[in-house]
Amino acid sequence: FGSSLRLCFSVMGRTTDVQFGRPSLIFPMAMDAPTAQHYVTRAVQAEAMQGTAFNYTCRKTFESGATSLRVLLPAAAQPDGVYVGTIAGTAGELPCFMCLKQPPEVTQTAAEVVVFGRPKSNFSSLTLLPERNLLELFPVGKSVSVKVVELMQEIQADCPPQWLRDLLLNFADS
């Protein structure tokens with residue numbers, strides 16, 4: 001019965017069914033409920049940045065075992081780095097990790113956003129929102145609102161997918 005339970009999320013008028021989940025054995029990434037609530041509460045005071053969804057999971061993120069939404073934000077929205085924050089919808093905000101980077105001579109900042117929105121059936125933690133749900137909630141070309149809560153670390157270029165996987169797992173555990 002537990003795996004057939006479903007939730008319905010609504011983001012900016014778009015909805016998607018999300019099955020309850022649990023961290024996989026290969027990629028056991030989850031954010032416990034108190035930590036998720038902590039970041040969502042802190043995000044209330046953060047300034048929202050409006051961007052546009054332009055793509056989904058890049059190759060390195062896919063190879064690390066995660067899924068993501070890619071967003072274009074205004075130039076110099078924040079210094080380059082890896083942040084914890086939230087992504088907003090009509091029903092509230094979901095915690096996320098995001099990597100912000102503004103390439104030289106480009107007028108926008110690119111953000112790779114890993115969204116936590118798939119609860120365990122006992123609601124003790126959130127796991128990654130599957131790409132299918134990201135596609136339904138954040139279609140390419142649509143407006144996206146993100147908030148930066150805390151810098152986790154500086155960007156490290158040209159790292160292998162295994163490094164990204166370990167980084168994401170360490171962030172979720174901290």
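Helices (H or I, at least four residues) and strands (E, at least two) are DSSP runs, numbered from the N terminus. This is a predicted model, in which local features need pLDDT of at least 70 and side-chain atom pairs count only at pLDDT 80 or more, while totals for chains, interfaces and linings use all residues. Residues are numbered from 1 along each chain as its sequence is written, and side-chain values use heavy atoms, with hydrogens and water left out.

Q: In which strand does Ser145 lie, and why is Ser145 called buried or exposed?
A: Ser145 belongs to strand β10, residues 143-153. Buried means under 20% relative accessible area, exposed over 50%, and partly exposed in between (1.4 Å probe, protein chains only). Ser145 has 8% relative accessibility and therefore counts as buried.

Q: What makes the pairing of the Ser145 and Gln50 side chains a polar contact?
A: A polar contact is a pair of N or O atoms within 3.5 Å; within protein, one must be able to donate a hydrogen and the other to accept it, and residues adjacent in sequence count only if both atoms are side-chain atoms. The side chains of Ser145 and Gln50 are joined at 3.2 Å, so the pair qualifies as a polar contact.

Q: How many salt bridges does the structure hold, and which side chain meets that of Arg42?
A: There are five salt bridges. In one of them, Arg42 meets Glu150 at 2.7 Å, N to O. Arg42 lies in helix α1 (residues 33-43) and Glu150 in strand β10, 108 residues apart. Arg42, at 33% relative accessibility, is partly exposed, and Glu150, at 29%, is partly exposed.

Q: Which residues does Val114 contact, leaving aside neighbours within four places in sequence, and why is Val114 called buried or exposed?
A: Contact means heavy atoms within 4.5 Å. By that criterion Val114, in strand β8 (residues 108-119), contacts Thr67, Ser68, Pro95, Cys96, Phe97 and Leu128. Its relative accessible area is 5%, so Val114 is buried.

Q: What makes a set of residues a nonpolar core, and how many residues has the largest?
A: A nonpolar core is a set of buried Ala, Val, Leu, Ile, Met, Phe, Trp, Tyr and Cys residues joined through side-chain atoms within 4.5 Å. The largest has 22 residues, and those with the most contacts inside it include Leu69, Ile87 and Phe138. Strand β7 (92-101) gives the most to this core, with four residues. A second, separate core of 13 residues includes Ala43, Ala66, Leu128 and Val149.

Notes
Salt bridge = Lys/Arg side-chain N within 4 Å of Asp/Glu carboxyl O.
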